[in-house]
Amino acid sequence: MKVSELVEKLGLKVFSGKEGLDREIEGGYTSDLLSDVMGHADAGQLWITLQTHKNVMAIASLKDLSAIILVKDFEPETDCIAQSEEEGIAILGTNEEAFEISGKIYNLLNQ
Amino acid sequence: MNQFRADLHIHTVLSPCGDLEMSPTNIIRAAKNKQLDLIGITDHNSTRQCAVIQELGKREGIFVLCGAEVTTKEEAHCLAFFETDEALNNFQEYLDTHLPDIKNDPDLFGYQVAVDEEDEICYEEERLLISALDQSIDKIEEKVHALNGIFIPAHVNKGKNSIISQLGFIPMDLKTDALEISKHVSKEGFLLKNKYLKSNVFIKSSDAHIPELIGEVFTIFEMEALSFAEVVKALKGIDNRKVITE
């Protein structure tokens with residue numbers, strides 16, 4: 001599934017990195033420990049988190065993740081947005097909690 | 001130049017996880033027993049126990065840096081120290097403003113009390129001090145430096161509540177005055193795995209929550225005298241002052 005399809009299906013907010021909406025989603029990873037994501041997320045995965053620091057983008061880029069979803073109406077910090085545009089990886093948002101949004105995405109990806 | 005032995009990360013009875021034995025008298029006594037010259041008082045998100053210890057330290061010949069161990073929004077622990085009462089009080093207001101209003105449950109987390117020199121309780125903090133502030137690490141660093149304070153990410157080698165566990169790596173543009181490592185690693189061992197940090201100054205401290213562990217590990221400050229300005233010079237490595245860490 002492409003990131004853009006997921007945005008449409010779940011009504012996600014797109015903060016930045018529209019270029020990245022064309023990326024293919026290969027699975028998901030839910031974690032707020034960036035060291036954990038750095039060690040264990042796989043390329044193409046969608047990352048669900050509440051962290052908004054610009055290091056989020058650095059790690060998404062390093063791991064070649066397909067997109068980031070910020071939960072609970074959290075908003076990315078300004079320098080995080082700038083890096084998202086630069087890297088072409090979208091930062092998305094939802095008002096739901098990590099548990100709910102992860103569950104919905106899991107179901108959509110495993111239909 | 002003189003060498004001073006420092007342990008800049010010590011909790012008191014005010015921290016919920018700090019032992020009730022961590023009173024001003026016991027802390028200063030333990031510091032003297034361990035031949036420390038310089039200690040840092042760093043309770044979780046509060047500076048309210050420090051003044052009494054600083055005053056007692058003055059009489060007993062222990063130089064006390066007042067500060068706190070701040071929990072950033074990302075849940076990274078960072079040490080902050082201030083030279084003047086005015087700066088310290090200003091920072092306390094900042095902590096009061098940005099700590100969420102979650103009540104402490106002493107049965108679950110421990111007591112959060114400040115005591116006077118006679119160990120009489122003179123203050124109880126109602127809000128849970130181990131919560132995270134609603135401010136990012138960058139914002140907190142800016143605030144500390146705006147007050148001419150010292151900003152040191154704590155126990156950066158640890159797998160929890162360290163800037164590296166929370167943010168994956170230390171952002172190049174974060175203005176730190178030093179990085180703290182815990183007793184579990186040597187500076188050389190840590191740098192083997194984190195080569196990008198080799199130009200940083202490191203301190204090692206105990207993070208003591210009980211008197212017996214105060215000064216278990218320490219940092220040597222090579223400087224002229226015991227003062228806040230000299231500590232800053234040693235951290236910056238200027239005028240031949242320096243910091244020596246194992």
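Me: At what angle do the axes of H3(A) and H4(A) cross?

Reply: This is a predicted model, where local features need pLDDT of at least 70, side-chain atom pairs count only at pLDDT 80 or more, and totals for chains, interfaces and linings use all residues. Residues are numbered from 1 along each chain as its sequence is written, with chains lettered from A and ligands numbered from 1 in the order written. Helices (H or I, at least four residues) and strands (E, at least two) are DSSP runs numbered from the N terminus, and axes are lines fitted to C-alpha atoms, for helices over the stretch in contact, with angles from 0 to 180 degrees between N-to-C directions. H3 (residues 55-62) and H4 (residues 78-87) of chain A have axes that come within 8 Å, and the crossing is roughly 20°.

Me: Are H3(A) and H4(A) roughly parallel or roughly antiparallel?

Reply: Angles under 35 degrees count as roughly parallel, over 145 as roughly antiparallel, 65 to 115 as roughly perpendicular and the rest as oblique. The axes cross at roughly 20°, so H3(A) and H4(A) are roughly parallel.

Me: Which residues of H4(A) does H3(A) meet?

Reply: Contact here takes C-beta atoms, placed from the backbone, within 7 Å. From H3(A) come A:Val56, A:Met57 and A:Ser61, and on the H4(A) side they meet A:Cys80, A:Gln83, A:Ser84 and A:Glu87.

Me: How many residues of H3(A) are buried?

Reply: Buried means 20 or more other C-beta atoms within 10 Å of a residue's own, exposed means 12 or fewer, and partly exposed is in between, again with C-beta atoms placed from the backbone. A:Asn55, A:Val56, A:Met57, A:Ala58, A:Ile59 and A:Ala60 are buried. H3(A) is largely enclosed by the rest of the structure, because the buried count is 6 of the 8 residues.

Me: Which helix gives the most to the side of chain A that touches chain B?

Reply: The contact takes 10 residues from chain A and 9 residues from chain B. On the chain A side, H2 (34-40) and H3 each supply at least two. The top contributor, with 4 residues, is H2(A).

Me: What share of chain B's residues count as buried?

Reply: Chain B has 8 helices and 11 strands. Of its 246 residues, the buried share is 49%.

Terms used:
Two residues are in contact if their C-beta atoms, placed from the backbone, lie within 7 Å.
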